[in-house]
Amino acid sequence: MEIFHKHKDNISLDDETLVRQCQHGDPEAMSCLIVKYQDRIYNTILKICTNRDDAAELTQDTFVKVLESIHTFRGKSSFYTWLFRVAVNLTLNHCRRRFKLSPVSLDATNENLEKQRERLGSILADSEKNDPARIVQQKELLQRVIDSIGQLQEEYRTILVLRDIEQMSYEEIAQVLDIELGTVKSRLSRARMALRDLLETVLT
Amino acid sequence: MNEEHKIDADELISLYLDGQATQRQKTELKRLMVHDAALLDRFKALKRQTAVLNALPVETAPAGLLDEIRSEMERKMILNNFADNTKISAATTHLFARRLMASAAMVLLPLGLLALVVFQIVKRPSGGLVDYEPIGGFAAQGDPSAGTDTASVGLVDELPFNGVLVLKTDEYSSVNTTVKQAIDKQGLMAQAFPERTVNVTRFYITAPPKKVAGLMDSLAAVRSQCRGVALQVPGPEDGAMTEIVDPQAKQIAALLFEDSPQLYRRLATRYAEANQKGDSVFAKNEGDPELDETGYPAPSIPTLAGNYDVQDRTVQLTIQVERITEE
């Protein structure tokens, strides 16, 4: 049974049209929505859950869940925020389950953070000398930043990823996380400060 | 600087960096930074941090994600259709049963009345019934074996095979996908019910042995992605399991099609022992009456229950994919 076809030309169609076609059972429209958003959803989930296998499965689960219930979508919010809301909720539920199964030692985490700070400081010092290994070190720096995001509290990590990586507006974040606009501002500020504390030696 | 002031200033920085600060907030922030060197440092640090975050590489979704979603959607559609059909069938059956009962009532009610009239006619004035000799006297003979002989030998729908194929891998997602695709390829999606946790996925399959054998062939390639493959089947003793390490396709096929429970258990035990030692069970062994010249086990003696084509019967297989987590 063939229900999907790749018609990338249709990706240029706006979400509203694609969703309407999906609601009428058009498999091509479903395919277009997946191709259009799969990288962004995967990237966001990966930055929150920090595991590639889990991110791939959660991305798949997100699209299956959304396409299964697309007939219930009434357009009160945009499809984009609805899709990300499902993705974030699935990811956070998964993270909570995983945390329950394998709790991390706080002592070990603190030790790792200290080592990470020292390492970042040395990377920054070297990178400013503009030596030939700078590109490699910059890559390592980016990886350290990603690791630091993973060390943040769940709510800080999520809002930081949505704003600074997915580049969502405050209003979109409020819809995805189902929180007030004022909460978005204060939580985002605290999240940035928390990350800055982790990267203190690098960014000051 | 008090704590409240600090929190407000940090929020101002955040708003400013996002282009969300009003003109008044911008002016206020600049004024604060002129008088507070620490705040100015935080501003610079956050500005650089935002630039680094914006520069993070965008990870692309794994290839084949679209196909995986398609397979999952198709499987769910099949299951939903099956459920809908079942509902229709149940409703139809219920309606039919009601009509049948109504018809039976219409027939039985006059018969019951007629029986009552006859009963009144043949009833003795004393209250007893007329004595009749039973025809042939079967009931009077009281055969002790009556009732037990009538127990029919029911057809057995399942072959003895009931195994768990364990795949241990550190490429959990990829192996899961391959298994799903293999099941799909064999047209077994409707008979395969997956159960997934973080580290273990189980696919419960009930299907004819030929289909399951085809599935095993499709899974040959997945072995290279696994650190351990084993087949667990019921052992010779009740409750015990026999584990066949690294089972060969021929071994699995032989077990799948085996009709006799006794020979099935013996074969499983033999395979387990041979694989443990690294021997080839399918090497030519003239002295072995249970293996024919092709290496497959000789057909067992047909039983009453199994005296028909095994292809019409089913086997149960669970494919269990286990994630190997790094220490």
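Helix axes are lines fitted to C-alpha atoms over the stretch in contact, and the angles between them run from 0 to 180 degrees between N-to-C directions.

## Basis of the model

This is a predicted model, in which local features need pLDDT of at least 70 and side-chain atom pairs count only at pLDDT 80 or more, whereas totals for chains, interfaces and linings use all residues. Residues are numbered from 1 along each chain as its sequence is written, and chains are lettered from A and ligands numbered from 1 in the order in which they are written.

## Helices 1 and 2 of chain A

Helix 1 (residues 15-23) and helix 2 (residues 27-49) of chain A have axes that come within 7 Å and cross at roughly 135°. Helix 1 of chain A is therefore oblique to helix 2 of chain A; angles under 35 degrees count as roughly parallel, over 145 as roughly antiparallel, 65 to 115 as roughly perpendicular and the rest as oblique. Helices are DSSP runs of H or I with at least four residues, strands are runs of E with at least two, and both are numbered from the N terminus.

In this pair, A:Leu18, A:Gln21 and A:Cys22 of helix 1 meet A:Ala29, A:Met30, A:Cys32 and A:Leu33 of helix 2, a contact being defined by C-beta atoms, placed from the backbone, that lie within 7 Å. By class, the residues of this contact are 6 nonpolar, 1 polar and no charged. Ala, Val, Leu, Ile, Met, Phe, Trp, Tyr, Cys and Pro count as nonpolar, Asp, Glu, Lys and Arg as charged, and the others, Gly among them, as polar.

## Strand 3 of chain B

Chain B contains 9 helices and 6 strands. Strand 3 (residues 200-207) of chain B runs antiparallel to strand 2 (residues 192-196) of chain B, with 5 bridges between them; strands pair if DSSP finds at least two bridges between them. A hairpin of 3 residues links strands 2 and 3 of chain B. Strand 3 of chain B also pairs with strand 6 (residues 314-323) of chain B, in the antiparallel sense over 8 bridges.

B:Arg202 of strand 3 stands opposite B:Glu195 and has B:Gln320 as its bridge partner in strand 6 of chain B.

## Interface between the chains

In the interface, 32 residues of chain B are in contact with 40 residues of chain A. Helix 1 (3-17), helix 3 (37-54), helix 4 (65-122) and helix 6 (172-185) of chain B each supply at least two residues of the side that touches chain A. That side of chain B has 15 nonpolar, 7 polar and 10 charged residues.

Technical notes
Contact = placed C-beta atoms within 7 Å.
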